[in-house]
Protein chains: 2
Amino acid sequence: MGRRQAAGNRRGASGTPPEPRGARDAYNFSAGPATLPRPVARRVREEFAAHAGDGASIVEISHKHPRFTGVLDTTVALYRELTGLPEDHHVLFVHGGARMQCAAVPLNLIGRSPTRTAGYVVTGLFAQQAQREGARYGTAVTVAGSEGSGFDRIPEVSVRDCPADAAFLHLTSNNTVYGTRWNDFPRDCPAPLVADATSDILSRRLDHGRFGIVYAGFQKNLGPAGTALVTVRDDLLGHALPETPRLLDYAVHAASKSLDNTPNTFAVFVLSLTLEWIRDQGGLAAVERTNLAKARLLYEELDRTAFYRPTAHPDHRSVTNIVFRLADESLTAEFLERAREEGLLGLAGHRLVGGVRASVYNGMPLEGVRALADFLREFARVRG
Amino acid sequence: MGRRQAAGNRRGASGTPPEPRGARDAYNFSAGPATLPRPVARRVREEFAAHAGDGASIVEISHKHPRFTGVLDTTVALYRELTGLPEDHHVLFVHGGARMQCAAVPLNLIGRSPTRTAGYVVTGLFAQQAQREGARYGTAVTVAGSEGSGFDRIPEVSVRDCPADAAFLHLTSNNTVYGTRWNDFPRDCPAPLVADATSDILSRRLDHGRFGIVYAGFQKNLGPAGTALVTVRDDLLGHALPETPRLLDYAVHAASKSLDNTPNTFAVFVLSLTLEWIRDQGGLAAVERTNLAKARLLYEELDRTAFYRPTAHPDHRSVTNIVFRLADESLTAEFLERAREEGLLGLAGHRLVGGVRASVYNGMPLEGVRALADFLREFARVRG
């Protein structure tokens, strides 16, 4: 299949030295933590190189140092600009990834419901985990779900099924494990919408004005793991339950601009580079077009033959997590092994579902997707 | 004062290329996030360089990938070995730094007290913050404190003053802002001792067997900010209050080996390098000797003249945070500016107390301390 040999001749862009030999030759389709855009990774390397001697790289200085607060301010401003965030929404950096927000969201909001009730749309593993954590603080009602069909789709949601006094309606905008995504979000819901957007944040435009809270773990499209980005509408602050740990109270982070304690400064730094990269690509609309083209390449290849079986309902296919099985499942291990030999890494499906998953977040370049599409075709030709 | 010129001629160790020009010439005394040991910073750079092309550096792969779980296992094993951790203590990596543990500790332990009571020794800013967070979940009794003398010392503690039914007795082993540290920890306390060891973890040997829980934010002696290392005795697990967020329940982290959700993989990776560096120094006893020598160099210089006024009581001086004032405080700004010109960075005292603070964690080499000692002497000579 010869791709590695051909790829071995690639050189760095003019003016830059070639990448270390052997390293150029692979693409990492990990579902997360996921590959960074290469220009972002290069700037991370440069930061450590620039401060090799003085021990004052961005992870080695105070979070109150103007160099870091400058990065933080830039990051917030650029996020606002790129997403068109409404002015009355705050941008927060909160410890613990999306999973910590599964507790933080009810801790902050459920006190607004006289019956401590919240609604959940249950579309997969992370939606289930959010609901379970919500049940710790009140009644977590399933408003709609797709477990009956193996989470292969986004269910119809009637906002009338959301309890009238719900503090919020929670959904997962893209489902990493099952490879589905929302195209149209619920309208006219009396409760504020809350979205876990971990696996499609910044992969497409999103009308933040329709959400009370959007949260996302960093480790797919934003940067390194351990932190969440949270946008929250101003009127939703100040209702935290008394037992809310200080660092899970969104009002504390809003008042301190995420500096109440030391934030994950490395994560914020990498996000600043990621946002600058998105701006340089032409903004979110351009990134969204590229992502649609990447996903189309793969789905077209998968649909060309009965050899592959994409698992998501065609109307709800994820653009960032392309999940499929081989019709002859006994070939899956061989498929993954041959892919690995070809430098196509991280393609095993989530352990709950098996099969194959190609995660093609912003950091995956079109040429990586082309290499995978070529491999899909060739593997089906040889083994089909 | 010419130090920069002389330093400009330094070269890298034999066989390695010289560091980038100009960068070798400074030392960063930031209180945290703090300078990494240079060999650790070098290995971070190498990691990003090695994976420049394949997009699969340690921050870009799944936390379930054998490469990361290998790093995690190594880190835990090496931490156990270097600290002599008793077998019935778990090593956990928990989101949010030490400040998040100010909530997590009472959430996990206070249910063991029938009256929801805990004791606190209040020796500075972070002790106060821990107590305030503890008061959210029960009665947080001041067992002893040194606020009356401006937190210049560690108070006498009579364990009889600790309520008999206290769930724990909390102390701060080193006080970053005021530059004091404990030398002898309370004995015969019926309640388990809990230590916030953020600013002296791994700077000296510590008998973990005397503590129920030791926790430490990463950003001083362990690695980049955003995560805490927590060691907890097995019998203290399983008592978390029902309102404990899942990711603050130490039992969840112990059962999952810190993989219940995606940990801060970068922080764990850097810690693994830090621990290997400590091992290569000869272990904790050797590192402790070096740190004592570093602190002695500075205190001797400060004590030589009335020009400087170290603020901590001589019996409780911190080895990691050397805090002092200039007798003529009108010279402080000039002192800091001249130091900065000499490449001695991050020396301003905490905003609560002003003055000067030299943080000399493990990452600060002896030559950096010598450069600061020389500067102290020369500045006193010229301006004294």
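## A guided walk through the model

Begin with Tyr120(B), which is buried, with a relative accessible area of 1%. The model is a predicted one. Tyr120(B) sits in strand β3 of chain B, residues 117–122. Now show what touches Tyr120(B): leaving out residues up to four places away in sequence, the contacts include the run Ala140(B), Val141(B), Thr142(B), Val143(B) and Ala144(B). Phe168(B), Leu169(B) and His170(B) are also among them, as are Pro106(B), Ala130(B), Gln131(B) and Gly134(B). If you draw a distance from Tyr120(B) to Ala144(B), the C-alpha atoms are separated by 7.2 Å, although the two residues are 24 apart along the chain.

**Next stop: Thr265(B).** Select this residue in helix α7 of chain B. Is Thr265(B) buried or exposed? Thr265(B) is buried, and its relative accessible area is 1%. Colour by chain here: beyond the neighbours within four places in sequence, Thr265(B) is in contact with Ala225(A) from chain A, and with Ile58(B), Val59(B), His63(B) and Phe68(B) from chain B.

**Then helix α2 of chain B.** Select residues 38–50. Show side chains for the buried residues of α2(B), which are Arg38(B), Val40(B), Ala41(B), Val44(B), Glu47(B) and Phe48(B). What covers them? From chain A, the cover includes α2 (38–50) and α7 (265–281); from chain B, it includes α3 (66–83) and α7 (265–281).

In chain A, the bond joining Gly32(A) and Pro33(A) is a cis peptide, with omega about -10°. Pro33(A) belongs to the loop between β1 (27–28) and α2 of chain A. Switch to chain B, where the peptide bond from Gly32(B) to Pro33(B) is cis, with omega near -10°. Pro33(B) is in the loop between β1 (27–28) and α2 of chain B.

**Two backbone spots to check.** Go to Leu202(A), in the loop between β8 (193–196) and β9 (213–217) of chain A. Leu202(A) is not a glycine, yet its phi is positive, at about 65°. Leu202(A) is buried, with a relative accessible area of 4%. Over in chain B, find Ser258(B) in the loop between α6 (250–256) and α7. Ser258(B) has a positive phi near 65° and is likewise a residue other than glycine; it is buried, with a relative accessible area of 3%.

**A helix pair in chain A.** Select α8 (residues 284–303) and α10 (residues 366–383). Their axes come within 9 Å and cross at roughly 0°, so α8(A) and α10(A) are roughly parallel to each other. On the α8(A) side, the contact is made by Lys294(A), Leu297(A), Leu298(A), Glu301(A) and Leu302(A). Residues from α10(A) include Leu366(A), Val369(A), Arg370(A) and Leu372(A). The contact divides into 8 nonpolar, no polar and 4 charged residues.

**Last stop: helix α9 of chain B.** Select residues 332–341 and pick out the buried ones, Thr332(B), Phe335(B) and Ala339(B). They cover an arc of only 60° around the axis, which puts them on the same side of α9(B). The buried residues of α9(B) pack against β11 (308–310), β12 (321–326), β13 (344–345), β14 (356–359) and α10 (366–383) of chain B.

Key. Residues numbered from 1 in each chain as written. Chains lettered and ligands numbered in written order. Predicted model: local features only at pLDDT ≥ 70, side-chain atom pairs only at ≥ 80, totals over all residues. Heavy atoms only, no water. Helix = DSSP H or I, 4+ residues; strand = E, 2+ residues; numbered from the N terminus. Expected span 1.5 Å × (residues − 1). Buried < 20%, exposed > 50% of the residue type's maximum accessible area, 1.4 Å probe, protein only. Contact = heavy atoms within 4.5 Å. Arc of directions from axis to C-beta. Axes fitted to C-alpha atoms, helices over the stretch in contact; angles between N-to-C directions. Parallel < 35°, antiparallel > 145°, perpendicular 65-115°, else oblique. Nonpolar A, V, L, I, M, F, W, Y, C, P; charged D, E, K, R; others polar.
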